Amino acid sequence: MKGDRVEIMIDAGGEGTRTYEVVASRAGRRVEVATRRGVVEVSEVTRTGTAVRTARFMASRVLALVEYPSADAAHPDDAPA
């Protein structure tokens, strides 16, 4: 969903830490996170499942990975009683 974003903080060695952000930039796109064989992969994906952009990080270097849902997403707890 447009507005979804994932923030990734990695250990950059002697430089300290670096922060990267992957955002669903258009309507109908979403951000998916996958961990495979020691690699964390964060992708912006279209409705049909085609990856538009992908960021890959070594899992051993990832310090934090935070997923932020879009502000427009309705929460089940907000439903009227």
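A salt bridge here is a side-chain nitrogen of Lys or Arg within 4 Å of a carboxyl oxygen of Asp or Glu, and by this rule the count comes to 9. The model is predicted, so local features need pLDDT of at least 70 and side-chain atom pairs count only at pLDDT 80 or more, while totals for chains, interfaces and linings use all residues. Residues are numbered from 1 along each chain as its sequence is written, and side-chain values use heavy atoms, with hydrogens and water left out.

One of these salt bridges joins E21 and R5, at 2.7 Å from N to O. E21 sits in strand 2 (residues 17-23) and R5 in strand 1 (residues 5-11), so the pair ties together parts 16 residues apart in sequence; strands are DSSP runs of E, at least two residues long, numbered from the N terminus. R5 and E21 also belong to a salt-bridge network with E7. E21 is partly exposed at 47% relative accessibility, and so is R5 at 28% (buried means under 20% relative accessible area, exposed over 50%, partly exposed in between, with a 1.4 Å probe and protein chains only).

Then there is R30, whose salt bridge with E32 has its closest N and O atoms 3.0 Å apart. R30 turns up again among the contacts of T46 (heavy atoms within 4.5 Å), alongside G28, R29 and V52, not counting residues up to four places away in sequence. T46 lies in the loop between strand 4 (39-45) and strand 5 (51-58), and is buried at 17% relative accessible area.

Note on methods: Helix = DSSP H or I, 4+ residues; strand = E, 2+ residues; numbered from the N terminus.
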